[in-house]
Amino acid sequence: MFETLSTQPPDKIIELMKFYADDPREGKIDLGVGVYKNPEGVTPVMRAIKAAEKRLWEEQTTKAYVGLVGDPAFNDAMVELVLGDAVTRAQVASAATPGGTGAVRQAFELARMARPDLRVFVSDPTWPNHLSILRHLKIETVPYRYFDSATCTVDFEGMREDLAAARPGDIVLLHGCCHNPTGANLTLPQWGQVVALLAETSATPMIDIAYQGFGDGLEADAAPTRLVASSCPETLIAASCSKNFGVYRERTGALMAVAQDTDRVAALQDNLAYLNRQNYSFPPDHGARAVTMVLTDPRLRADWEAELEEMRTGMLRLREQLAAELRARSGSDRFGFIAEHRGMFSRLGATPEQVQRLRDDHGVYMVGDSRMNIAGLNERTVPQLAEAIVKAGV
Ligand code: LMR
C-alpha cells in the first residue's frame, strides 16, 4: 500500500539544522532554528528548571497517568502566566499539549470541529509550520499583509485592509509577541485597532504566543494577548514553554480557549480533553510538572524570571551591537530595524541568493527568507556577521 506515498518536501528550518551540522568549517555561525543559546553557544537547562527536576526526581512516587488535559495545577499556572487577571479562570478552558506546536494543531482542529468551513487568516509571512499544519488539515488559509520588506517594519495599513475581509467563523491567527519570522511587532495601540476590527468582522482571534519574556518582558509580552482575550467574545491561545523555560525537548505547552460567556467553557473543556484523547491521549507531564513547580514556588519563580531577563537583555544587547556594526560597515542606517525588532528573530531582508552566499562564502546559516536567530550570536561573532552581510551585498 505504501507505494502511493511520495516523499515530503523538507521543513526548511529542520533541514537547515542538518546542513549546519554537516559543515566542517570552523567559525560557522548558526542563526537557524529558534533555540536560545548563551554566549558560549550552549542551550542551557535553566537553573530553576534544573532545581525543579531534582526535586521532582526526589519527590515523585509514580508515573501513572495524570489526566487527559494534564495536571490542573499546570493549567492554572499557565493561565495565570499568560492571561494574568485579564479574564477569570472560569472563562478559560485549558489543556496541556505537547509543546506550543501541539497547542497550535489542537486549536486548528477545535476550530474546524466548530466550523468545518472555516478559513484561517495568516500573516504574510508566518511561521512556516503554521501553513504546513493547515495544509495537512486541509483548512483554507488567507494571507494578510504584515511585513513591509522595504522598511522591515509592520505594514499595518495593509494588515488592516486585509483583515477587514474576515467573516464570522474565520480564525485570525496572530503572534502574541516576538513575531516569527520577522521580529516586527504591533504596538499596543495597533493591537487595540486589531481588536476593533475583530469586533467589526466577528472573526475569532487565535494567538500563538511562543516567546513570552523574550521581547519586552513577561508582562509586556502578554499584554496584547490579555487585551484580545478580555475584549473578544472568544479567543484561542497556543502557548509554548519551549523557549521561555528552555524545555524544548520535553514538549510543554498549553491550549487555552477563552469565552466571555462562561456557559461555553464546560463544552470547550470537554472538547479539549476529547481532542487530546484522539490525537495522543495523555499529554507529556515531565516538563509541565517542572514548569508548574517553577511558577508556583516563589524562590524558583524569582530565579527563573531573573535568568529569563538575562537572556532577554542579552539578545537586546546583541541586536544593538549588530545594528551598530552594520551602521559602521555599511555607512547607512538601513539596518536600524534590527535594534527595534523584538524576540529571537529578525528578518534581514536579504535575497535568497544573498542568503546562499552568506552560507557558502561565510559559513553563516540563516533560514532562506533571511530570518536570523539573534540568540545564535555572541559579542565575538556579531562583527563577523556584520562583515559577512556587507560582503554578501545585502
Ligand atoms: C523556529 O521557528 O525555529 C522554532 O519555532 C522551532 C521550530 O519548531 O520551527
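Let me start with Ser202. In this predicted model, Ser202 counts as partly exposed, because its relative accessibility is 43%. Where does Ser202 sit? Look in the loop between H7 and strand E8, which covers 204-209. Now check the backbone. Phi of Ser202 is near 60 degrees, a positive value in a residue other than glycine. Most residues other than glycine have a negative phi.

Lys138 is the next one to look at. Its phi is also positive, about 60 degrees, and Lys138 is not a glycine. Find Lys138 in the loop between H5 and strand E4, residues 140-145. Buried or exposed? Lys138 counts as exposed, because its relative accessibility is 75% and the cut-off for exposed is over 50%.

Stay with the backbone. Most peptide bonds are trans. Which bonds are cis here? One joins Asp124 and Pro125, with omega about 10 degrees. Pro125 is in the loop between strand E3 (119-124) and helix H5 (128-136). Another cis bond joins Asn180 and Pro181, and there omega is about 25 degrees. Pro181 lies in the loop that runs between strand E7 (171-175) and helix H7 (188-201).

On to the pockets. Rolling a probe the size of a water molecule over the atoms shows where empty space is left. The largest pocket has a volume of about 890 Å³. Its lining takes in 45 residues. Which of them lie nearest the centre? Those are Val33, Gly34, Val35, Lys243 and Tyr248. Helix H1 (12-22), strand E1 (29-30), helix H4 (99-114), H5 and helix H14 (381-391) each give two or more residues to that lining. H1 has the largest share, with 4 residues.

Now the second largest pocket. Its volume is about 650 Å³. It is lined by 28 residues, and the closest to its centre are Ala114, Arg115, Thr204, Glu234 and Arg264. The elements giving two or more residues here are H4, H7, E8, strand E9 (234-240), strand E10 (253-259) and helix H9 (265-279). Which element gives the most? That is H4, with 4 residues. By class, the lining of the second largest pocket has 18 nonpolar, 6 polar and 4 charged residues.

Last, the whole chain. How many helices and strands are there? The count is 14 helices and 13 strands. The C-alpha trace spans about 60 × 55 × 55 Å along its principal axes. The radius of gyration is 21 Å. A compact globule of 394 residues would have a value near 21 Å, so the chain agrees with that expectation.

Two more numbers on packing. Buried residues make up 55% of the 394 residues. Now take contacts with a separation of 6 or more: 76% of them are between residues 24 or more positions apart.

To recap on the model: Lys138 and Ser202 carry a positive phi.

How values were computed
Residues are numbered from 1 along each chain as its sequence is written. This is a predicted model: local features need pLDDT of at least 70, side-chain atom pairs count only at pLDDT 80 or more; totals for chains, interfaces and linings use all residues. Side-chain values use heavy atoms; hydrogens and water are left out. Buried means under 20% relative accessible area, exposed over 50%, partly exposed in between (1.4 Å probe, protein chains only). On a 1 Å grid over the protein atoms alone, a cavity is a set of points where a 1.4 Å probe fits but cannot get out, and a pocket is an open set with protein on both sides within 12 Å along at least five of seven lines; lining residues have an atom within 4 Å of a point. Grid points are joined across faces, edges and corners, and a volume is the space filled by probe spheres set on the points. Ala, Val, Leu, Ile, Met, Phe, Trp, Tyr, Cys and Pro count as nonpolar, Asp, Glu, Lys and Arg as charged, and the others, Gly among them, as polar. The radius of gyration is taken over C-alpha atoms; the globule rule is 2.2 Å times the number of residues to the power 0.38. Contact means heavy atoms within 4.5 Å.
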